[in-house]
Amino acid sequence: MATKGKIIGWTTAIILLALAAFIYIKFCFVYSEGINEGDINYFQKEGFIFKTYEGKMIQTGYNSKNSNATIQSNEFKFSVADDKVAAEIDDRSGRQIKLHWKRYLGTLPWRGNSQFIVDKIVSSENVQPVTEDKLLDIPVEK
């Protein structure tokens, strides 16, 4: 027959183990990872106590769900925890950029406001701005 102390001990151990597993899955487990490409809309360092880098990327593409294919844009909000990666993103503003990210199920104040944490830059390339003379070279259908 189990004593009252053993029951309380085992119950406490199981509750603490379940709590530790929940915290790990919520804040430390990488749920998914991938690469997004686009133009950086804004990138800034913000926060009251924990200063984190927050950014927004605009991704353009085609919406082919209907018969009239239209150009649409999608926003990708992300955070950067590493100062070196943040400096690289800041240096490459005005370029098409590919960012590798990891998604966590929860946010931590010192890691950023987003579940998507960018950990490296895959590539970037110069984007030629559209000028008036380039607009004149575009054929117009009548």
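Reply: Happy to; below, each label is set against its cut-off. Please keep in mind that this is a predicted model.

Me: What makes up the secondary structure of the chain?

Reply: The chain has three helices and five strands. In sequence order they run α-β-β-β-α-β-β-α.

Me: How many salt bridges does the structure hold, and what makes E75 and K56 a salt bridge?

Reply: There are two salt bridges. For E75 and K56, the closest N and O atoms are 3.6 Å apart. A salt bridge needs a side-chain nitrogen of Lys or Arg within 4 Å of a carboxyl oxygen of Asp or Glu, so the label applies. The pair links distant parts of the chain, with E75 in strand β3 and K56 in strand β2 (residues 52-63), 19 residues apart.

Me: Why is K56 called buried, and why is E75 called partly exposed?

Reply: K56 has a relative accessibility of 14%. Buried means under 20%, so K56 counts as buried. E75 has a relative accessible area of 43%. Partly exposed is what lies between buried and exposed, and exposed means over 50%, so E75 is partly exposed.

Me: How do you know that D119 and K102 form a salt bridge?

Reply: Their N to O distance is 3.8 Å, and the cut-off is within 4 Å, so the pair qualifies. D119, at 29% relative accessibility, counts as partly exposed. K102 is partly exposed too, with a relative accessible area of 25%.

Me: Why can such side chains pair in general?

Reply: Side chains of opposite charge can pair when their charged atoms come close.

Me: What makes D82 part of a negative surface patch?

Reply: The patch is formed by D82, D83, E88, D90 and D91. Asp and Glu count as negative. D82 sits in the loop between β3 (70-80) and α2 (83-91).

Me: Which residues form the nonpolar patch on the surface?

Reply: L16, L19, F22 and I23 form that patch, and together they have about 400 Å² of accessible area. One of them, F22, is placed in helix α1 (residues 4-27).

Me: Why is I121 called buried, and what does I121 contact?

Reply: The relative accessible area of I121 is 14%. That is under 20%, so I121 is buried. I121 belongs to strand β5 (residues 116-126). Leaving aside neighbours within four places in sequence, I121 is in contact with V85, E88, I89, R92, I97, K98 and L99. I121 and V85 are 36 residues apart along the chain, and their C-alpha atoms are separated by 7.3 Å.

Me: How do you know that R111 and G112 are buried?

Reply: R111 stands at 12% relative accessibility and G112 at 3%. Buried means under 20%, so both labels hold. R111 is in the loop between β4 and β5, and G112 lies in the loop between β4 and β5 as well. Not counting residues up to four places away in sequence, R111 touches F27, T52, S79, A81, Y104, G106 and I117. With neighbours within four places left aside, G112 is in contact with T52, E54, S79 and T107.

Me: Is C28 buried or partly exposed?

Reply: C28 is partly exposed, with a relative accessible area of 45%. Buried would need under 20% and exposed over 50%, so C28 falls in between. C28 is found in the loop between α1 and β1 (30-46). Leaving aside neighbours within four places in sequence, C28 is in contact with I23 and Y104.

Me: And what share of the chain counts as buried?

Reply: Of the 142 residues, 23% count as buried. The accessible surface of the chain comes to about 10800 Å², and 56% of that belongs to carbon and sulfur atoms.

How values were computed
Residues numbered from 1 in each chain as written. Predicted model: local features only at pLDDT ≥ 70, side-chain atom pairs only at ≥ 80, totals over all residues. Heavy atoms only, no water. Patch = residues over 30% accessible without salt bridge, like charges linked within 9 Å, V, L, I, M, F, W, Y side chains within 5 Å. Areas by Shrake-Rupley, 256 points an atom, 1.4 Å probe, with all protein chains shown as cover. Charge placed at Lys NZ, Arg CZ, Asp CG, Glu CD. Helix = DSSP H or I, 4+ residues; strand = E, 2+ residues; numbered from the N terminus. Buried < 20%, exposed > 50% of the residue type's maximum accessible area, 1.4 Å probe, protein only. Contact = heavy atoms within 4.5 Å.
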